[in-house]
Amino acid sequence: MKKKPKILIICSEYNGTSKLLKSAKLGLLKKGIKFECIKVYGAFEIPVSISRNIKKYDGFVALGIIIKGQTVNFNLISQAITNALMELSILHKKPIGNGVLTCLNNNQAKKRFHKGEEAVNAVLTVLANG
C-alpha cells in the first residue's frame, strides 16, 4: 500500500455485533488506517450500503451475525449476502472483507468475534498486493 486506504465498515446491528465491530475497529486502528462505520439493521442490508458508497472508499468490511433458526431463511439470506458481496467486489475491483458470521447458535458467534479483524486483514492484504 503506497497511501493509507480509506475503509468503510458496514455493520448489522441485529444479533449483537458490538464485539465483532470492536475487533474490526481495533484491527484498523493498530495499523493506523482511516475508516468510517455505517450501521444497518440486518445483514441483508449490507450489500446495498456498500453499493451506495462504492466510489467513496478503497475497501469495505462487512460485519453481521446470522443465527440459524427453524426455517431455510438462514441459508437463503447467507447465500444472497455472500453472492452480492462477491459480485460487488469483482465488478468494482474493490476488496470486501466478509465478516458476516453464519452460526448455528449464539455460542458459535461468541467464539468468532475475532473474525472482524480477520476481515480487515483480508481487505488490507488485497489492497497491499494490488
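Which residue stands opposite Ile10 in S2? Ile38 does, and this pair is a handy way into the sheet. What you have here is a predicted model, where local features need pLDDT of at least 70, side-chain atom pairs count only at pLDDT 80 or more, and totals for chains, interfaces and linings use all residues. Residues are numbered from 1 along each chain as its sequence is written, and side-chain values use heavy atoms, with hydrogens and water left out.

**The sheet**

- Four strands make an open sheet in the order S2-S1-S3-S4, with parallel pairing; strands (E, at least two residues) and helices (H or I, at least four) are DSSP runs, numbered from the N terminus.
- At the edges sit strand S2 (34–40) and strand S4 (96–103), each pairing on one side only; two strands pair if DSSP finds at least two bridges between them.
- On average, neighbouring strands of this sheet are turned by 15 degrees against each other, direction ignored.
- S1 and S2 pair in the parallel sense over 7 bridges.
- S1 is mostly covered, with 6 of its 7 residues buried (buried is under 20% relative accessible area, exposed over 50%, partly exposed in between, using a 1.4 Å probe and protein chains only).
- Strand S3 (residues 59–67) pairs with S4 over 8 bridges, again in the parallel sense, and Ile65 has Leu101 in S4 as its bridge partner.

**Helices on the sheet**

- Helix H3 (residues 73–92) packs on the sheet, where it touches S3 and S4, and its direction makes about 175 degrees with that of S4; axes are lines fitted to C-alpha atoms, for helices over the stretch in contact, and angles run from 0 to 180 degrees between N-to-C directions.
- Helix H1 (residues 18–30) lies across strand S1 (6–12), S2, S3 and S4, running at about 170 degrees to S1.

- Ser49 counts as buried because its relative accessibility is 11%, and Asn53 is buried with a relative accessible area of 10%.
- The Ser49 side chain reaches the backbone oxygen of Glu45 at 3.2 Å, while the backbone oxygen of Ser49 is reached by the side chain of Asn53 at 2.8 Å.
- Leaving aside neighbours within four places in sequence, Ser49 is in contact (heavy atoms within 4.5 Å) with Ile10 and Val40.

**Glu36 in S2**

- Glu36 is found in strand S2 and counts as partly exposed, at 40% relative accessibility.
- Its side chain makes a polar contact with the side chain of Tyr57 (2.8 Å); such a contact is a pair of N or O atoms within 3.5 Å, where within protein one must be able to donate a hydrogen and the other to accept it, and residues adjacent in sequence count only if both atoms are side-chain atoms.
- Not counting residues up to four places away in sequence, Glu36 touches Lys6, Ile7, Leu8, Ile9 and Tyr57.
- The C-alpha atoms of Glu36 and Phe60 are separated by 9.8 Å, with the two residues 24 apart along the chain.
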